[in-house]
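Trainee: Could you take a close look at one part of this model, the shell around the ligand, and then place it in its setting?

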Amino acid sequence: MATTPAPPPVTDKPLIEPSPTPYADPPPSPVGASARRLDGLEKVTGEALYAADFFPREADLFATILRSHEAHAEVLSIDTAPAMKVAGVVGVYTHVDVPGTNRQGLIKRDHPVLVEDRVRYKGDALAVVVATSESAAHAGRDAIRVRYRPLPVVGSIDDALAPKAPKLFPNGNVMGGKRIRKGDADRALAEADVVVSETFQTQTVDHAFLDVEAGIARWDGRTLVIHASGQWVHEERRLIALALGLPIEQVRVIQPATGGAFGGREDLGMQVHVGLAALKHPGKTIALRYDRAESMRARHKRHALRIHYTLGARGDGTLTAAKVTVFSDEGAYASTGPAVIRKASSHATGPYRVPNVHVDVYGVYTNNNPTGAMRGFGACQLAVAYEGMIDRLARKLGMDRVELRRRNLVRSGDAVTTGQVIPLATGVECLDAVMDRFRNGGRPLEPLPPYRRRGWGVSTICFGLGYGDGFPDASRAGVRFTRDGFLEVLTGAVEYGQGLLNMVAQIAAAELGMPIEKARVIWADTGRTLESGSSSATRQTYFTGNAVKRAASELKEEILDIAGTHLHVHPHEIVLRDGLAVTRFGEPRSVPIAELVADGFNRGYELSVKALYKPATLCENFETGQSPRAFITYLFVSHLAQVVVDVETGQVTVERYIACHDVGKAINPQSVDGQITGGVAQGIGMALMEEVVMREGRMANANFTDYILPTFRDVPPVETIILENQDPGGPFGARGVGEPPLIAAVPAVLNAIHDALGVAPHTTPCNPQRVWELLHPEQAEPPADIRFRTAPPHARP
Amino acid sequence: MLYQPQILEEALTLKADLGGDVDALAGGTDLLVALSRGQWRPKNVLDLSRVVERSEIRKADSRFSLAHGVTHAQLTRLPVRALAEAALSIGGPQIRNRGTLAGNLGTASPAGDGCVALLALHAEMELTRAGRGSRRLPVRDFFLDYRRTELRPEELITRVVVPADWTSAWHKIGKRGSVNISVVCAAVARSPQGRFGVAFGSVGPYPLTAPKTEALLNAAALTPELIDEAAAMAQTEVSPISDHRASAAYRRAMCGTLLRRLLTEHFLNGRD
Ligand SMILES: Cc1cc2nc3c(=O)[nH]c(=O)nc-3n(C[C@H](O)[C@H](O)[C@H](O)COP(=O)(O)OP(=O)(O)OC[C@H]3O[C@@H](n4cnc5c(N)ncnc54)[C@H](O)[C@@H]3O)c2cc1C
C-alpha cells in the first residue's frame, strides 16, 4: 500500500520568524509626550532660586527706590541730604548720577530711569537709596525731601482729550494711532439690513504674578552682572547698557527662576536702578526688591480700552461691514503701547470674514500707570467687542449664535481683518468640537431657584502669533552634545513657568532620538546664550522651537555620519531613536548614541551647532492696514462657558467650561493643558472681578485684599480639547498656545451672562454690582474710578 | 517684647499691667497684614495662641459659651447656622484655621462676618480685666464707631456666648467664591419665642443692627407682605458708602434683597 507522506505539522508559528528587535513599534517620541518638567522637582521642593531668594543671602548692600508722591507735577528740587544722615545709608542717587541716557522704554525710550524735572505718574522713580540694610534704605528713602509744583492730573481718556487739557508731551496727548481701511464701511453699513452698535469699556488689569520684582547686581569694574527676571534678557541688556552708558559687552543679564510674567516683565522694572547702585559701589553685591504695593504701583498694566463698535449684516446673517473706533488709555509713557494698538487694530474683526472694515485706534496719554504688554496684547480687548457684537447681532436677527458664527468664520483661503489669507483656518472645527462636547456631555443640570438663571456663551477667536507687522522677529539657539553624554540646548529665551525648557528639550531630544532625561537646557543668560527674542507674543514654540529644531537636525547629520562608520551603512540608512543609532533596513543593528558622541569628540568633531530662525512678516500698509502677511501664522480657538447668574445680587458663577485650541502639535500636551487652564482662570478674572482702580493717578487697590483675583472656587474644571492641524512652518507642526486661552475666555463668559439675562454686558469686569446695574440702569452710580465718570466721546480727537 | 503665656490668668494680668502698651495677638490674620503694611508697630505683643483651653466650647442652658481662641474652622461645625455659615465664608482654609472669633470682634471691621452673625443672634461677650473680674456685654453694645469698641486697654475678650436654640441664617455677597471680603453680608436670627435679630456688614462704619426692622418683624406674623416691608425698612437703616468695593446704591439695595431672601427661604412657613 502506497503511503502518502505525512503533511507537515500545523503550527501557529509563522514561517519566517520576526526579527528580535525591540523596535517593532517605534518608541514614543519626546515630542507629544507629557514629559516631566525639567524644572519641576527643584520648584516643588523649593530648591529653585527666585530673584527674591538671593535676597538677602548674597547682598552686601540694599537699595530701594523713591517714587513720586504726585501723579503730575514739576519737580522743583530733590533734597537728598536728610537721607544721607540716616544711619546705614551709604548713597543716594538722582538723575544727575545716571551716566547714560537715563531712559528706558521698549519702543519709544521715553521713560526716565530717574525723573529729571517732571513726574507723570505716581510710580515714577526719583531717587535710588543704598544702605547697609533694607530698613535703613527705606528710612533713607522716606527722609528725602522733594519739592513739587503740582500740575492738573489727567486722570482719564476724557481728561486727556478735553479741549483745554494740559499737554503731557510736547506733541500733545495723543500718543499715536493705527487705522484699517478696507472696502467702504460707511456705505456698506448704510446698505446693511441690520446694524448693531455698542460702546465697550474694558478695565485696567494687573499681571499679578506671584514673584514680585527683585534682583541683585554687581559691578567688578569690568562687567555689570544683573540677576533679575525679565522676558527678553538680550533686549534688557541693550536697554540697561544705554541707560547707564556702558558698552553692551560690559553688561550681563541672567534670569533666575521666575514666577510668572504675563507681559508684566517686558518693560524693565528695577534692573537699571539696581545696576546704577552697583556701578556706584564697585565690588559690592546690591539687592533691591519691591513689595506687592510697589510692584502694583510702579509696573505697567493692561490697557483699558473704550471701543465703539458698529457691525452690519445682511438679513441672512452674512457680515458686510464693521466700523470700529478705539481709545486706549496709554498712561504716562508709551511702553509697548504702539504695538498693542497695532495688534488691537489687526484683530478688530477677529476670525470673521468682513469685506468692509474701517478701524481707528488712538492711544492717549494720561497720568495713570503706563500701559503695555499683558497676555492678549490688545487682541484680548477687541475680542470682547467683536464676540459681544456677534451675539447682539444674532439676537437682533433671531438667528442661532453658533450658526451665525459658522456662516461668517473665515475658512481656509479666506482673509482676516488685515487682508492676510489664512491657508489653514480651523475656527469652524474648534467651534464644532466645543459645541459637540457641550451637547453630548456634562453633568445633569441642577434646578435653580427663580432668582438664579443659567446661560451659556461661546466665543471663537483667531490670533496672529509673533510680533508680526514687519517687525524683526528672530530666534537663535544652540544644540550640542557634552562629553558626559548630555544633549544640551542653549537658548536666550526665558522660562517663567510656561514650560519653555521642556519645549526646547523635547524638540531637540525628538530630533536627535535621545531620551528627554538626557537633555539639559542653558537659558536666558546673555553671557552664555544667543538671542532668542522675547518670551511673549505666543512666539517661543514657533520661533525658538524652530531654531532648536534646525540646530538639532544639523547636529543629527554629524551623528549620522559618525554612526555610518560604526554600522558600516550609508548615513541615510540610519535612524536615531531612544538613545540609539539603528539601521533602517534589514536586520536592525544599533549602537548607542553616547558611544558615537564619545567617538566623535575623539575624532575632533565639535558636536555643537547654532541656528537662526528668522521668517519675514510684511508691514501693514500705513493707510489701509492691509498686509499679505501681517503675521507668520494664526491660531484658532473656541471656548464655551456656562454660567449661573443671580439676577437679584448680580453674582455670576461659572459652572462649566470647555476650551478647544488648535495648537498645530502639542509638544507637551500637559503643558498645553496647563496653559489653557491658567489662561481661562485669568480670563474669568478679567471677565468677572479683576480691576485696577485709579483715583487721581493713584492705584486705590494695590494689594490682594482689594485687587480681586479668581480662586479655585471661581474656576470650574476646564474641559480642554486639543486639535492638532499641523502648521506647515511650525516645529513638528506646532503653532503655540500662550495668549489665546485668556483672549477667548473673556467674551465666552460675557456672552454667557448675556444669554442668562437677555441683557448684554458692555463693561468689564462684570462684578456683582455691574451685573446688577445692567438690570437696574437707573440705579447705576458712577464708579469710584474717575476714568469712567463721563460718557464716552463719540467724536474723533 | 513677646509674651506667650499658657494660662489665661497670666495673660489677663499682663494685659491689666501693661494696658495699651501691649497688643493681644490671637490668630494674627488681621495683625500680620497690618504689620507687613507698616500699620501695626507694636511695643509688646501678648500672644494668646498658647493659652490652654483657649479653644474650649461649652454648652449650658441652651447656650454655647465660646472661649476667646475658638477659630472659624471650629465654628463651621457649630450647630448655629448663621455663625457657622459666616465662619465658613471667612478667608480660605488657612485663615479659618488660625483666625478667631475674638480677633474678628477685636478688629471690629465693618466687614467682620463673625460680628454680623453675633449681632443677629443677640450674642453676648465677656470682657475681663485682672483684679476687676468680668463684665458681660451684649455684642450690640460693643461697637462704638469705625474700629472703636467698648474694649478697654486693660481688658481681654475672654468669652462669647451665643444662643443654641435660635433659628438663624446668613448670606454674603462678595466678588469671588473664596477668600472673599463682604461687599454686603446679612444675618437673620429668631428666638424660640419669635424675637428677631437682623444685622448687616459692610454698610456702615461698623457691623450694624437694624432695630426698626427687627421691631417690625417682632410685631406681626411673618407674611410675604411683611417681608417686603421689612426689606424696605432695612434699606433705610443702613448707611453704606461708595468705595472701590461697591457703590452705596448697590449695597443699600442688597440689604433689602438679602433680608427678603433670608426671611423667605428660612423663616417663612416655619421652615428650618
Ligand atoms: C486672606 C484673609 C482673608 C480674610 N477673610 C475674612 C473674611 O472673609 N471675613 C472676615 O470677617 N475677616 C476676614 N479676614 C480677617 C481676619 O481673618 C478675621 O478678622 C479674624 O477673625 C481675625 O482673627 P485673628 O485671631 O487672626 O485676630 P488677630 O489678627 O490676632 O487680632 C485681631 C485684633 O483682635 C485683637 N484681639 C484678638 N484676640 C483678642 C482678645 N482675646 N481680646 C482682646 N483683643 C483681641 C487683636 O489685638 C487685634 O486688634 C481675612 C484675613 C485675611 C488675611
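Mentor: Helices (H or I, at least four residues) and strands (E, at least two) are DSSP runs, numbered from the N terminus. A residue belongs to the shell if its C-beta atom, placed from the backbone, lies within 6 Å of the ligand. The model is predicted, so local features need pLDDT of at least 70 and side-chain atom pairs pLDDT 80 or more, while totals for chains, interfaces and linings use all residues. Residues are numbered from 1 along each chain, with chains lettered from A and ligands numbered from 1 as written.

The shell holds 34 residues, and the closest are A26(B), G27(B), G103(B), N104(B) and G106(B). In chain B, strand 2 (22-25), helix 2 (31-36), helix 5 (93-98), helix 6 (101-107), helix 7 (113-120) and strand 10 (156-163) each give two or more residues to this shell. Helix 6 of chain B has the largest share, with 5 residues. Sorted by class, the shell has 15 nonpolar, 15 polar and 4 charged residues (nonpolar: Ala, Val, Leu, Ile, Met, Phe, Trp, Tyr, Cys and Pro; charged: Asp, Glu, Lys and Arg; polar: the others, Gly among them).

As for the setting, chain B also touches chain A: 20 residues of chain B and 22 residues of chain A take part in the contact (C-beta atoms, placed from the backbone, within 7 Å). On the chain B side, helix 10 (residues 248-266) contributes the most, 6 residues. That side of chain B is made up of 10 nonpolar, 6 polar and 4 charged residues.

Technical notes:
Contact = placed C-beta atoms within 7 Å.
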